[in-house]
Amino acid sequence: MLKRKDLVGLIDLSREEIAELLDVAGEMKRHLVAGEKNLSYLKGKTATILFYENSTRTRTSFELAAKYLGATVINIAAGSSSVAKGETLVDTGKTLDAQLNDFLIMRHPMGGAPYLLARTVKAGVLNAGDGMNEHPTQALLDMLTMKEHFGSLDGLKVAILGDIKHSRVAKSNLFGLQKMGAEVYMYAPETLIPKGIDKLGAKLCSSREEALENADVVMGLRIQLERQQAGNFPSLNEYAEFYGVNGKLLSLAKPNAIIMHPGPVNRGVELTGKVIDHEKSRIEDQVFSGIAVRMAALKLLNDYREYTK
């Protein structure tokens, strides 16, 4: 059982809690494979999805996860709610709490916003991405995908290449993978490496070849053009040539290595089309794992809430 009512960041979780999330996610995946989409773990519960940023796969996977567990799901578009009229995050949280919501699933452009909301409400808060801080369920689904392929995360070399500076996925993977015994190697233009990430345990590489050599996992990260400032790199074509991953570079990884990407992919930029469509690609598996992981998170948080009543 998780020892908390909220899932806001992997930096806060213990190795044991992450292992439990992955184990339960495996159980949820078996339910899904068996076609069992009408479970009752959250029967009578309400989950509200509150996104202050656009999303497709994260929003829909959270919605499906909650519905498959039996919850009633409410979607709130921040642009058409009282938020657009100037209501604060705290006031929004108090309103939703007063309406007896059990879970609030939030994406927000400001880092730390889920922590503020979690301190304010009785509902369980799940972070669906906060600014450039964390995206815990994405990292968990990445880890589930790796665990299913390799059996264990302990001792894996995971190479992460792309827009690390703006990536909440990279940070959550770094926190989670290290706790599970993996080593995380990173490579990107210097302008896309956040200061101090090596002090958090990332092994910074001086070339793509160094990052990919004997890697078990090759993970590309999307170039986040919406967060970019001019001058981070000359052009997308030049980025692809000097920093992207192609088939020749992929051959440096271990023979049983897998290819991953949190999506959406800029095809031909961080990964070539052939790499994306390679038989080693697990990108579609990641999407499926996302529903199972979010089901596991909701179930375990609900178990804790029921236990502490």
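In the predicted model, the protein chain carries 39 positive and 37 negative side chains, and the centres of these two sets are 3 Å apart. The accessible surface amounts to about 13,400 Å², with 50% of that area contributed by carbon and sulfur atoms.

The secondary structure of the protein chain consists of 11 helices and nine strands. The radius of gyration is 19 Å, close to the 19 Å given by the globule rule for 309 residues, so the chain is as compact as a globular protein of that length. The C-alpha trace extends over about 55 × 45 × 35 Å along its principal axes. Of the 309 residues, 56% are classed as buried. Among contacts with a separation of 6 or more, 75% are made by residues 24 or more positions apart.

Several local backbone features were identified in loops. A cis peptide bond joins Gly263 to Pro264, with omega near -10 degrees; Pro264 is located in the loop between strand E9 (258–260) and helix H10 (273–276).

Positive phi values in residues other than glycine were found at Leu100, with phi near 65 degrees, and at Asn214, with phi near 60 degrees. Leu100 belongs to the loop that lies between helix H3 (89–98) and strand E3 (103–108). Asn214 is situated in the loop between helix H7 (208–212) and strand E8 (217–220). With a relative accessibility of 45%, Asn214 counts as partly exposed.

Notes: Residues are numbered from 1 along each chain as its sequence is written. This is a predicted model: local features need pLDDT of at least 70, side-chain atom pairs count only at pLDDT 80 or more; totals for chains, interfaces and linings use all residues. Side-chain values use heavy atoms; hydrogens and water are left out. Helices (H or I, at least four residues) and strands (E, at least two) are DSSP runs, numbered from the N terminus. The radius of gyration is taken over C-alpha atoms; the globule rule is 2.2 Å times the number of residues to the power 0.38. Buried means under 20% relative accessible area, exposed over 50%, partly exposed in between (1.4 Å probe, protein chains only). Contact means heavy atoms within 4.5 Å. Accessible areas come from the Shrake-Rupley method with a 1.4 Å probe; for residues, only the protein chains shown count as cover. Lys and Arg count as positive and Asp and Glu as negative; His and the chain ends are not counted. The place of a charge is taken as NZ of Lys, CZ of Arg, CG of Asp or CD of Glu.
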